Amino acid sequence: MCTTSLLNVVGGEMEADTGAGVSRAEKKALDKAKIVHRETERNVLKTVTRILKKAEDERSEEEARTLLRHPSAVEQVRGRSVRSGQQRRRREEVCDGVEELRTKVSQLAAAVRCAQHLVVYTGAGISTAASIPDYRGPNGVWTQLQKGQAVSSSDLGRAEPTLTHMCIKALHQQNLVKHVVSQNCDGLHLRSGLPQQGLSELHGNMFIEVCASCVPAREYVRVFDVTERTALRRHATGRRCGRCGAELRDTIVHFGERGTLEQPLNWSGAAAAAGSADLILCLGSSLKVLKKYACLWSMNRPAKRRPLLFIVNLQWTPKDDLATLKINGRCDEVMELLMKELDLQIPPYNKAEDPIFHQATPLRPEEELSHTRCLIAPPAGPEDHRPPDGQGPAPGAQGPAPDAQGPAPPAPPPPVQGGWFGRGFSKGRKRKRRKAV
Ligand SMILES: [Zn+2]
């Protein structure tokens, strides 16, 4: 195109030519052509999608010809439909039948008997029976937050260890399980009686706050969720260390963070356990987060020397293809069958023996109003949970009122949103969006 005609087109305004010698008018024309082309393509895709939704014998001749004229659009639409079907199937919960479950669990029992070093990885699916929502299940925390729905955590303080927690504790006691690595922050493994050195809580524990200024870091176990004020990169709980006066922080690894605390995360314990593992049993985890921690999967070993991998989950996981066996069942059902196969008793959860009541440090009088979360109520009189060191004042700070007889009256459930899962997550998302604008 000559320069004069270009000048006419752009109204006399000369633009610097690009390196390829394309003027502004030419670029405009090209852009317009691109827009028209995209619009046409979109319309073709719409038409092809509509036609493909019909059964083959219901399509008119013209429609059949349209499909023949646009083979790449047909391929694209079919590909999309295959992918969305796959996504849908991955979200679906699948249950093995009774017989299949039995057969699979006896295979698992055989593997447990032979294992020298069994490590258990647990996710939110083992706590759903304790009324704690899972993350990526159809009603999970993650799923609900993705839909923009509020998540209530008012029941968290009332949750108790499930049958699965108790089975894991028993297997650890029998020395059949060497270590437990959990993504859960609900503290239920410790409350089942599993010792802390046998556990890595990779994302923290909602009942533990720590003083990072004391050396070694000083842990304060509480009988309430300590995370109500904490969120992404905001860890201060509002209370102070009884020894040095420094601010206490929660132990939660909020969405978008990397965990740095030694305890209760215990990464060294998790890595050492994974390094020696010859059998890994994954219970109720989507593994979408755990799969990212390379050190947990012994991928540096040659394939034949990697640990056997058994996965118990109702939904698809990204490790399914690598699993020795995938068991599509609820954790409690599978664990009950497993304990039968191994001829082991399942210890019932006994609240009076819940270690949290002995481990808990009572609040100082001035801290009594420092939280609004429900207390884990002890089963009977306050003597059952009075801390052994006699530190701190009235049991009323963390239990029923001193004059209360019998079990604590039900505390009114505050309408809270989760500190340890809800707020951290949404704050992170909002911040990201703002940055993107
Ligand atoms: Zn301190």
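This is a predicted model: local features need pLDDT of at least 70, side-chain atom pairs count only at pLDDT 80 or more; totals for chains, interfaces and linings use all residues.

Me: At what angle do helix 5 and helix 10 pack, and how far apart are their axes?
Reply: The angle is about 55 degrees, and the axes of helix 5 and helix 10 are 9 Å apart. Here axes are lines fitted to C-alpha atoms, for helices over the stretch in contact, and angles run from 0 to 180 degrees between N-to-C directions. Helix 5 and helix 10 are therefore oblique to each other, since angles under 35 degrees count as roughly parallel, over 145 as roughly antiparallel, 65 to 115 as roughly perpendicular and the rest as oblique.

Me: Which residues make the contact?
Reply: Helix 5 contributes Leu 101, Arg 102, Val 105, Ser 106, Leu 108 and Ala 109, and helix 10 contributes Val 334, Leu 337, Leu 338 and Glu 341. Two residues are in contact if their C-beta atoms, placed from the backbone, lie within 7 Å.

Me: And what about helix 2 and helix 3, how do they cross?
Reply: The axes of helix 2 (residues 24-53) and helix 3 (residues 61-69) come within 10 Å, and the crossing is at roughly 125 degrees. That makes helix 2 oblique to helix 3, and the crossing is left-handed. On the helix 2 side the contact is made by Thr 47, Val 48 and Ile 51, and on the helix 3 side by Glu 63, Thr 66 and Leu 67.

Me: Changing topic to sheets, in what order do the strands of the 6-stranded one come?
Reply: This open sheet has the order 3-2-1-8-9-10, with parallel pairing, where two strands pair if DSSP finds at least two bridges between them. Its edge strands are strand 3 (199-201) and strand 10 (325-327), each of which pairs on one side only. From one strand to the next the twist averages 15 degrees.

Me: How many bridges are there between strand 1 and strand 8?
Reply: Strand 1 (residues 118-122) and strand 8 (residues 279-283) pair in the parallel sense over 5 bridges, and Leu 118 stands opposite Leu 279 in strand 8.

Me: Which strands does helix 5 lie across?
Reply: Helix 5 (residues 98-114) lies across strand 1, strand 8, strand 9 (308-312) and strand 10, and it runs at about 130 degrees to strand 10. Helix 9 (residues 267-276) also packs on the sheet, where it touches strand 1, strand 2 (177-182) and strand 3.

Me: Which residues touch the most other members of the largest nonpolar core?
Reply: Those are Val 119 and Val 120, in a core of 43 residues. A nonpolar core is a set of buried Ala, Val, Leu, Ile, Met, Phe, Trp, Tyr and Cys residues joined through C-beta atoms within 7 Å. Among the elements that each supply at least two residues of this core are helix 5, strand 1, strand 8 and helix 10, and the largest share, 6 residues, comes from helix 7. Leaving aside neighbours within four places in sequence, Val 120 is in contact with Ile 168, Val 177, Val 180, Leu 281 and Leu 283.

Me: Helix 7 came up there, so is Thr 164 buried or exposed?
Reply: Thr 164, which lies in helix 7, is buried, because 31 other C-beta atoms lie within 10 Å. The cut-off for buried is 20 or more other C-beta atoms within 10 Å of the residue's own, while 12 or fewer means exposed and anything in between partly exposed, with C-beta atoms placed from the backbone.

Me: Last one, what is the pairing in the sheet of 4 strands?
Reply: The pairing is antiparallel, in an open sheet with the order 5-4-7-6. Strand 5 (218-221) and strand 6 (236-240) stand at the edges with a single partner strand each, so one side of each is left without a neighbour in the sheet. The twist averages 35 degrees from one strand to the next. In the hairpin of strand 6 and strand 7, with 6 residues between the strands, Gly 245 takes a positive phi near 85 degrees.

Notes:
Residues are numbered from 1 along each chain as its sequence is written. A crossing is left-handed if the near helix is turned anticlockwise from the far one by less than a right angle, and right-handed if clockwise.
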